[in-house]
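Subject: A structure for you to explore

Hello,

Here is the structure I promised to pass on to you. Please open it next to this email and follow along as you read.

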Amino acid sequence: MTRSDPMSVPSYRTLELSRRGRRLTITLNRPELLNACNYDMHEELADVFQFAHTDRESDVVVVTGAGRAFSAGGDVAHIARSAANPELFDQEARCAKRVISGILDLDKPLICRLNGHAVGLGATLALFCDVIFAADTAKIGDPHVAIGLVAGDGGAAIWAQRIGLGRAKEFLLTGELLTAPKAAEIGLVNHCLPLAELDAAVDAFCDKLLNGATSAIRWTKVLTNLELKRIATAVMDAGVAYESLSVRSGFHQAAVKAMVDKQNSGGKRG
C-alpha cells in the first residue's frame, strides 16, 4: 500500500490499526462474530505483520480483539465453505504459513492483550506473541481435533515451546480449553489479571519497553526467536499438509454439519 503520510496506517476489512506514540495496535475487528477468522482475516493477518515490521513509526506492537473476545477461532460459515471446497482450504492453509512467518520476522516486541477467549487460530496468534497479558475471564485452547482437523496452523510448533512437549500433547490431543488462571499457572501465558486492570498492565509494560534500549531489545528478541523460527520452519509444511488431508475426512464433514445445524437452530458460541 502506498502511503503519502508516514503516520498513516493501512485500512483493512477485518482488522483495525491505531497508533499511540510509537506503539502500534492491531485489533481483530469482527466483534459481532467474536472476531472469528474468515478468508479475509487470514489474508489480512498475513499482510499486517509485514506492515508492522517495516513501519518506521512504531517500536512496540500490541495485538488484541474488539468486543468481548480475542478470537473465537474459525467462522462457522467459512469453515463450512472450506469443508465443501477443500481446494479453498488448501489455499488458506498456505496462508497460515505466511501469518506465522510474518509474526516471527517481526523484530519489534509483540504484546498480546488477551481480552477474551482465544480459540484455534486465535490461540495460535496469541501464543506466538512475545508476552501475553490475559484477562482472568478468558479461556484459551486449540480444539482443532474436536472438529476432525490437525492443529497444523502453528499450534503444534508453539504449544510445546511454551509449556513443554508432554503438556502440549495433552491439550492439543484433547482440544481442552484452559482458563486464563490455569494457563498462567503452567506458563502458557505470562500474566493473568482482572479485565479492569488489563489496559493499565499492558500500557505499563509497553511504556517500559518504549523507554528502553530499542536496538538491544529488538536484537534480543531476534536472538531468542532463532530457535522458534527453526522449529516453525520444520513443522509448518507438514502441518499444512496434514491439516489439508484432515479437512477431507468424514469426521470433519460430520462435525462441520453439526456446527452448522447448531448455529441454524440458534446455538451460540461462548
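How many of the residues of strand β2 (residues 23-28) are buried? Strand β2 is mostly covered, with 6 of its 6 residues buried. Here "buried" stands for under 20% relative accessible area, "exposed" for over 50%, and "partly exposed" for what lies in between, using a 1.4 Å probe and protein chains only. The helices (H or I, at least four residues) and strands (E, at least two) are DSSP runs, numbered from the N terminus.

Before we go further, a word on the model: it is predicted, so local features need pLDDT of at least 70 and side-chain atom pairs count only at pLDDT 80 or more, while totals for chains, interfaces and linings use all residues. Residues are numbered from 1 along each chain as its sequence is written, and side-chain values use heavy atoms, with hydrogens and water left out.

Strands of a sheet pair through backbone hydrogen bonds, either parallel or antiparallel. Two strands are said to pair if DSSP finds at least two bridges between them. Strand β1 (residues 15-20) pairs with β2 in the antiparallel sense, over 6 bridges. You can find Leu 15 opposite Leu 28 in β2, and Leu 17 has Ile 26 of β2 as its bridge partner. The hairpin of β1 and β2 has 2 residues between the strands, and Gly 21 takes a positive phi near 60 degrees there.

β2 also pairs with strand β3 (residues 60-65), this time in the parallel sense, over 6 bridges. Arg 23 stands opposite Val 60 in β3. To get from β2 to β3, the chain passes through helix α1 (residues 39-54), and this β-α-β crossover is right-handed. Right-handed means that, with the strands pointing away from the viewer, the path from the first strand over the helix to the second runs clockwise.

While you are at helix α1, look for Asp 47, which has its place there. Why does Asp 47 count as partly exposed? Because its relative accessibility is 37%. Asp 47 and Tyr 12 are 35 residues apart in sequence, and their C-alpha atoms are 9.9 Å apart in space.

**The two sheets**

Strand β7 (residues 139-141) and β8 run antiparallel and are joined by 2 bridges, with Ile 140 opposite Leu 178 in β8.

**Spaces inside**

Rolling a probe the size of a water molecule over the atoms shows where empty space is left. On a 1 Å grid over the protein atoms alone, a cavity is a set of points where a 1.4 Å probe fits but cannot get out, a pocket is an open set with protein on both sides within 12 Å along at least five of seven lines, and lining residues have an atom within 4 Å of a point. Grid points are joined across faces, edges and corners, and a volume is the space filled by probe spheres set on the points.

How many cavities of 30 Å³ or more are there? The count comes to 2. The largest cavity holds about 60 Å³ of space, and its lining includes Asp 59, Val 60 and Pro 109. α9 (214-246) and α8 (195-210) are the elements that give two or more residues to this lining, and α9 gives the most, with 3 residues.

The second largest cavity holds about 30 Å³. Among the residues that line it are Leu 28, Leu 45 and Val 63.

Enjoy exploring!
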